[in-house]
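Let us walk through this protein one piece at a time.

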Amino acid sequence: MDQKCNSSIKCTVSSCAYHAPQNCCSLNQIQVGCTDHKPCSCRGTECDSFQQKTC
C-alpha cells in the first residue's frame with residue numbers, strides 16, 4: 001500500500017500500520033495519550049493512534 005506522508009507528523013516507528021517510508025505518519029492527525037497519571041517526561045506519553053502493522 002502506498003501511504004501519503006503527512007510531513008507535520010514525524011514518526012520513526014516502522015512497525016506502525018500508518019508509518020510512511022519518509023519517516024512520517026500517513027494519518028491526518030494523531031491522538032497522544034498518557035501512560036502515567038501525571039507524566040513528567042515523554043516516557044509518560046504514547047501515540048494512541050498506533051496500530052500494529054500486519055505481517
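Ser-49 sits in the segment after E5. Strands such as this (E, at least two residues) and helices (H or I, at least four) are DSSP runs, numbered from the N terminus. Ser-49 counts as buried because its relative accessibility is 16%. Buried means under 20% relative accessible area, exposed over 50%, and partly exposed in between, with a 1.4 Å probe and protein chains only. A polar atom of the Ser-49 side chain lies 2.8 Å from the backbone nitrogen of Gln-31. Leaving aside neighbours within four places in sequence, Ser-49 is in contact (heavy atoms within 4.5 Å) with Tyr-18, Leu-27, Gln-29, Ile-30 and Gln-31.

A word on the model. It is predicted: local features need pLDDT of at least 70, side-chain atom pairs count only at pLDDT 80 or more, and totals for chains, interfaces and linings use all residues. Residues are numbered from 1 along each chain as its sequence is written, and side-chain values use heavy atoms, with hydrogens and water left out. pLDDT is the predictor's confidence in each residue, from 0 to 100. The protein averages 90, and 96% of the residues score at least 70. Confidence is lowest in strand E5 (residues 45-47), at a mean of 91, and highest in strand E3 (residues 24-25), at 97.

Now step back. The protein has 0 helices and 5 strands. Its C-alpha trace spans about 40 × 25 × 15 Å along the principal axes. Of its 55 residues, 24% count as buried.

His-19 is found in strand E2 (residues 19-20). Is it buried or exposed? His-19 counts as buried, because its relative accessibility is 10%. Its side chain makes a polar contact with the side chain of Asn-23, at 3.4 Å. Such a contact is a pair of N or O atoms within 3.5 Å; within protein, one must be able to donate a hydrogen and the other to accept it, and residues adjacent in sequence count only if both atoms are side-chain atoms. Beyond neighbours within four places in sequence, the contacts of His-19 include Gln-3, Cys-11 and Cys-24.
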